[in-house]
Each structure stands twice: as C-alpha cells, then as structure tokens.
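Dear colleague,

Please find below the structure that I am handing over to you. My notes on what was found in it follow directly after.

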Amino acid sequence: MRDKVIFLIIGAVISVLFWFFSAVLYEAIYYVNGFSQFMYNDGAYGIVALITIAMTWGMAAIYYYLINSVKFDRWYHWLSMLGITCLLTPVVCFFVIDARMDGLDYGTYSFSFVLHNILVAAIMFVIASFSMRWWSSNCRHTPIPQ
Amino acid sequence: MKLFIFAIGGTGSRVLKSMIMLCAAGVRPVDANGKPLQDVELVPIIIDPHKSNADLKRTERLLSAYGTIREKLYGKNANANGFFATKISSLKEVVSSTQVPLDDSFIFNLAAVENYKFRDFISYNTMNEPNQALTSLLFADYQLENKMSIGFVGSPNIGSVALNSIKDSNEFKAFANVFADGDRIFFISSIFGGTGAAGFPIIVKNIRQAKNIDAKNKAFLQKAPIGGLTVLPYFSLMESDDKQDKRIDNADFIVKTQSALEYYNNTLTGNGRNAVNAIFYLGDHGHNSPYAYDPGDKRDQHDPAHLIEMVGAMAPFKFMSMSDSELSDPATGEPLPTKAFEYGLERDTDFVDFSCFGQETRSMIYRPLVKMHLLYIFLRTGLDGIIGQGFTEDAPKITREFTGTQFYRVLTQQFFDSYIEWLTELLHNRRHVTLFNEGEMDMNKAIHKVLTKKGLFGNKKVDNDVFKAEMNRLSRDNNRYGSNPELKLMDLFYTAAEKIITDRYNNLN
C-alpha cells in the first residue's frame with residue numbers, strides 16, 4: 001500500500017514540476033523566435049502544461065476507474081487510450097493557443113508546437129498511469145503487471 | 001470432532017462417493033444456529049471384501065484426489081471454509097501410534113476374510129458330522145462355496161459370521177485406540193444385500209461391547225454416539241444370463257429387508273436396545289432401474305449414482321449437527337432411545353431438480369453445488385484465457401505453469417471428470433436427477449430451471465468475465481494467501497460465487 005502511495009506522490013510531484021518548469025521544458029524541445037516569445041510572455045506554456053496534465057491524468061482516470069473493464073484490460077487497450085490521449089491533447093492545445101493569438105499569424109508554429117507536445121503528453125500519460133493504476137480493480141496490471 | 005464413517009458394501013462406497021462430492025462443494029455440518037461446526041474431521045473406513053468392485057475403486061480414487069486437493073489448499077488444518085473445507089483422513093492418518101501396522105488406505109483390510117472360501121473360513125471340513133449337518137441347514141451349498149473376495153453375494157448370514165472377525169483386526173484395534181471423547185461413529189450400509197446388512201449390526205455390537213477388547217479408549221467407545229444410514233431397496237437387478245444363477249434375486253430384497261429390520265429392531269434400535277443413537281432410513285422402491293446382474297464375479301459392479309445415494313450422503317452431516325444432548329443422556333452418557341429419520345422429496349417425481357427438495361435440503365446443498373458447478377465451468381472454459389491478467393497477476397501469481405501442477409491436474413481432470421460422471425449417472429438413472437443442464441457450459445443456463453434475474457436490459461449476465469471482475473476486486477490488496485496460489489484461486493472463486501449467485505440468479509434456496 002505504501003509503495004502505491006509513493007508512486008502516486010511521485011507522479012503528482014513530477015506533474016507539478018512539469019507545470020512549474022513548463023516554459024523551460026517547452027522551449028528546450030521547441031523554440032522559434034517570435035512564437036516562443038509570445039507563448040512565454042502570454043503565459044501560454046503554463047496553460048498548455050495544465051491542459052496536458054489534465055488530459056493525461058483525466059484519460060488515465062477514465063481508463064483505470066471509469067472503463068475499468070475485464071474486456072479492456074490488455075496492454076493494447078491501454079496503448080489505444082494512450083493513442084487517443086496523444087490525439088486529443090494537441091487538438092485541444094492547438095485551439096486554446098489559437099484563441100489566445102489574437103490575430104497573430106503563428107498557426108504553423110502552433111501546429112508544430114502541439115505536435116512536439118505529443119511526446120510530452122505520452123510521457124505524462126505513462127506517469128499518470130503508473131501513479132493511479134494500483135487501485136483499479138480490473139486494470140491495475142495494465143500495461144505491465146505489478 | 002472426528003466422525004468415523006464405516007461405509008459397508010457397495011452401497012456404502014456409493015453413498016460415500018456422493019458425500020465426497022458434497023464435501024468438495026463445501027457442504028459442512030452446522031450447529032443449531034446454522035454456523036459450521038469447527039474441528040470436524042471425517043475418517044471413512046470402507047468395509048468391503050469385494051476389492052475389485054468398481055464402485056469401491058471409484059470411491060477410493062475420489063478420496064485420494066480429495067486428499068491431494070485439500071492438503072494443497074489447507075494443509076493439515078481441520079478448519080477451513082470453502083471448497084473441500086471438510087478434512088477427510090484415512091484411519092492411518094489419524095492413528096499417531098506406529099505400533100499397529102496399517103495400510104495407508106481408506107479400505108479396511110479384510111485379509112482374514114477375503115482370501116478364503118466361506119467353507120474354509122468356518123473350517124467346515126474339520127467339523128464333526130452333526131455340526132456339518134447344522135451348517136448345511138444354515139448355509140446353502142453355493143454360500144459355502146462362496147469365495148469371499150467377491151463379497152457375500154447378498155447373503156447376510158455369511159457376512160454376519162465373516163465380519164465378526166473384524167474385532168480382531170489391526171484396523172479395529174487402531175480405531176478403538178484413537179477414538180476419543182467427543183468423537184462419533186456413523187454407518188452407511190444397505191439392508192437388502194449381504195455385506196452391509198450384516199456388517200452394520202456386527203460392528204455396532206463390537207463397539208458397544210468394547211469392554212472386551214484391548215483398547216485404551218474403550219470407555220468412550222462403549223458410549224460413543226452412533227448413527228446409521230440404512231438403505232432400503234432402491235435398485236433392482238436384471239436376471240442373470242445363466243437362468244440357474246439365483247444367488248441374488250430381486251424377489252428376495254423385500255423379504256430380506258423385512259427380516260433385517262426386524263433383527264435391527266431387536267438388537268439395535270428397538271425399545272430398550274438403544275445401541276444406535278440415530279438411524280436414517282432411505283429407500284426408493286418402485287422407482288428403480290435394474291442394474292446388470294452381478295453377484296461379484298460377473299462384471300465389475302460399476303453401478304450408476306442414484307438420488308438415494310446423494311440424499312443418503314446428507315445423513316452424516318445431519319447426524320453431526322445433532323447436539324450431544326439429543327443423542328445421549330447428559331447425566332449418564334448413556335444413549336437415549338434411538339431417533340429415527342425418514343426422507344421425502346417435497347415433490348415426488350421421476351424428474352428431480354433442486355426445486356423438488358425440501359427447504360432443509362436446498363439450504364444445505366443448493367449453493368455449494370452451484371458454486372462447484374460454476375467453478376467447473378470456469379476452470380474448463382475461463383481460467384486459461386485470463387492467466388497473466390487481473391487477479392492472476394496479484395501475489396501469489398497464477399502462472400501458466402500453474403495449470404501443469406499436480407493440484408490443478410487432479411482437480412480439473414481426475415476430480416471434475418468424476419464429478420461430471422456422477423452428475424451424468426444421476427441424470428440417466430430411473431430417477432432423473434437434473435441439477436444442472438447436461439453439457440451446458442453457459443453459466444446463464446447451466447442450473448436446471450434456474451435463470452438469472454431481470455436487469456435493466458434483459459436478464460443479468462453471468463459469465464467468466466463477471467467472475468474475473470469480482471475476483472479481481474476481491475484480490476486487490478488481499479494478502480491472505482501467502483505463497484499458496486491454489487488457495488487463492490479457490491477462495492477467490494468461492495467468495496465471488498457467493499456474491500454472484502446472490503446478486504444474479506433467481507435462487508431456489
């Protein structure tokens with residue numbers, strides 16, 4: 001039990017750190033003059049990070065506790081949830097960023113940025129999964145047995 | 001409490017077989033409040049000189065399988081809950097002393113009897129002429145020539161002589177020494193044959209006269225609570241191919257029964273005798289299938305299971321559930337007048353299902369048997385596909401290798417093959433006992449005349465996934481099983497089945 005709580009705490013801490021250092025991280029993986037400065041000045045990195053955290057933890061929670069089915073407990077089911085998360089997260093992020101552009105023409109860069117964010121979303125989904133899966137009755141051994 | 005069960009003759013073995021099935025399903029004796037009795041241990045002792053009797057062999061194999069499975073689940077612990085909960089031991093297992101050499105078997109060693117013709121056993125040839133003449137009056141020629149390795153061919157007059165030697169056997173001495181205060185004795189025998197009809201009163205007599213034997217616990221033995229299941233005619237025999245062979249004749253069954261009942265009344269159960277504390281009478285005359293003729297040397301006596309045997313198997317549980325004060329005088333310990341029990345179906349029919357039994361029977365057997373049948377379906381159709389997922393991955397893990405263990409093979413092959421054979425025989429006997437639909441592996445339709453409850457979208461579903469989900473839930477954070485995956489599998493299933501049966505079936509108990 002204690003180990004499981006530690007996993008949850010570690011996952012939560014990583015997520016908070018990710019949000020806290022989101023600008024540094026995102027600029028490290030994708031930097032374009034103008035667009036990145038806008039993102040930084042607008043505080044959009046933090047918003048994208050929050051969306052990514054919410055989407056990944058939310059999708060993991062849906063998988064482990066809402067779906068939580070013996071018919072959906074194989075590793076490839078989990079992988080399909082990861083795929084859906086990696087599809088939805090950039091879409092939502094793109095529209096949120098686009099709404100904040102206020103006439104600026106950074107659409108191509110935005111698109112490229114959210115594609116890079118897929119990698120972050122995938123990693124966050126793995127972290128969320130390993131943080132919360134232990135209490136799922138049917139999927140706690142997915143994707144890898146305990 | 002140890003219950004020593006003397007299963008005498010072919011009927012004894014067949015009833016014992018049904019009893020093993022009930023024990024495997026988790027049927028247990030309960031006290032007046034319905035709570036399972038603690039520290040119960042059954043010690044079956046099969047008495048049958050006809051060692052090649054297929055029914056005896058089947059029962060012995062089943063006992064062996066039961067022991068293998070139970071030991072893996074609960075070790076030597078007498079108290080358990082779930083499938084195979086009741087401990088069943090051989091006489092050798094309960095005898096701690098090594099002074100008396102015993103076979104490690106459930107079968108009473110009758111070497112002193114079975115190696116002889118009856119003529120030689122009673123030393124007919126060395127008798128003087130008047131004694132030979134008297135003996136010839138009492139025993140027919142074919143009885144004198146009877147090789148006792150095939151049993152007593154329906155002749156209680158042979159059995160009553162031959163089985164009297166039991167009291168001098170190592171087994172009887174070991175039994176007398178190990179019998180302790182609080183233990184009980186139960187007899188299972190038929191009254192219309194040879195071995196059972198004679199063996200029951202003979203052994204009771206020897207127990208009640210235990211003061212004459214060299215045993216440290218003979219005082220307990222003399223006042224031991226004794227119960228007996230006396231099975232009246234419930235099958236008939238086809239005629240022999242050899243029309244002259246009338247060693248066992250259907251026409252004699254009722255006469256022999258009447259005579260034996262009269263004798264029992266005079267010696268065991270009648271007013272002032274009280275040699276037996278409780279006696280259970282069962283019979284099914286008129287609803288019986290003729291079995292192939294076999295006095296012991298024609299075929300292997302492989303008779304199909306019968307409703308009477310299944311019902312009879314409940315008698316020892318009922319006997320164990322009776323309090324001491326119901327059986328013996330609390331002040332003196334002397335047996336009270338014999339309590340006699342009979343049994344009737346709630347609905348008398350040739351097509352028996354769970355609904356035909358009375359409430360007491362249904363309460364006793366319905367849920368355990370349904371659980372065991374669902375376990376059978378689950379292990380045959382479900383477990384293999386879910387290894388590596390869900391509860392199987394919790395410690396202790398149930399791996400692919402698990403299905404190759406001795407436990408799993410004995411359970412799923414040896415034991416469940418016998419279980420299905422038993423159900424099939426019950427179904428195809430003249431009294432068609434249809435507890436479960438033959439060959440049906442769909443859990444929703446498996447219980448005869450029992451459907452699942454209505455839900456929001458039609459009937460509720462019961463399948464392997466429902467069990468898997470419930471077992472997953474029960475297994476989470478469950479550290480009770482140590483390093484025993486066998487116990488984990490069986491206990492999780494038993495507990496899951498209890499909930500699923502309650503939630504999803506329109507039950508009959």
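In this predicted model, 10 residues of chain B are in contact with 10 residues of chain A.

Chain B contains an open sheet of seven strands, paired in parallel, in the order β3-β2-β1-β4-β5-β7-β9. The edges are formed by β3 (87-88) and β9 (339-341) of chain B; each has a single partner strand, so one side of each is left without a neighbour in the sheet. Within the sheet, strand β1 (residues 2-8) of chain B runs parallel to strand β2 (residues 41-47) of chain B, and seven bridges join the two. One of the residues involved is F4(B), whose bridge partner in β2(B) is V43(B). Helix α1 (residues 9-25) of chain B packs on this sheet, where it touches β1, β2, β3, β4 (184-190) and β5 (226-231) of chain B. The direction of helix α1 of chain B makes about 125 degrees with that of β4(B).

Turning to the nonpolar cores, the largest has 141 residues, and I5(B), A24(B), I45(B) and F493(B) touch the most other members. Helix α16 (residues 359-381) of chain B supplies the largest share of this core, 10 residues. Why does the core lie between domain 1 (2-343) and domain 2 (356-504) of chain B? It does so because both of these domains give residues to it. Contacts of A24(B), leaving aside neighbours within four places in sequence, are made with Y66(B), F83(B), F84(B), M372(B) and F415(B). There is also a second, separate core of 29 residues, which includes Y45(A), A60(A), W78(A) and C93(A). As general background, nonpolar side chains tend to be buried together in soluble globular proteins.

One further residue may be of interest to you. I166(B) is found in the loop between α8 (156-162) and α9 (170-178) of chain B. Is I166(B) buried or exposed? With 21 other C-beta atoms within 10 Å, I166(B) is buried, because the cut-off for a buried residue is 20 or more. Not counting residues up to four places away in sequence, I166(B) touches F172(B), I203(B) and N206(B).

With kind regards

Definitions and conventions:
Residues numbered from 1 in each chain as written. Chains lettered and ligands numbered in written order. Predicted model: local features only at pLDDT ≥ 70, side-chain atom pairs only at ≥ 80, totals over all residues. Pairing = 2+ DSSP bridges. Helix = DSSP H or I, 4+ residues; strand = E, 2+ residues; numbered from the N terminus. Contact = placed C-beta atoms within 7 Å. Axes fitted to C-alpha atoms, helices over the stretch in contact; angles between N-to-C directions. Buried ≥ 20, exposed ≤ 12 C-beta atoms within 10 Å, placed from the backbone. Core = buried A, V, L, I, M, F, W, Y, C linked by C-beta atoms within 7 Å. Domains from an automatic or database assignment.
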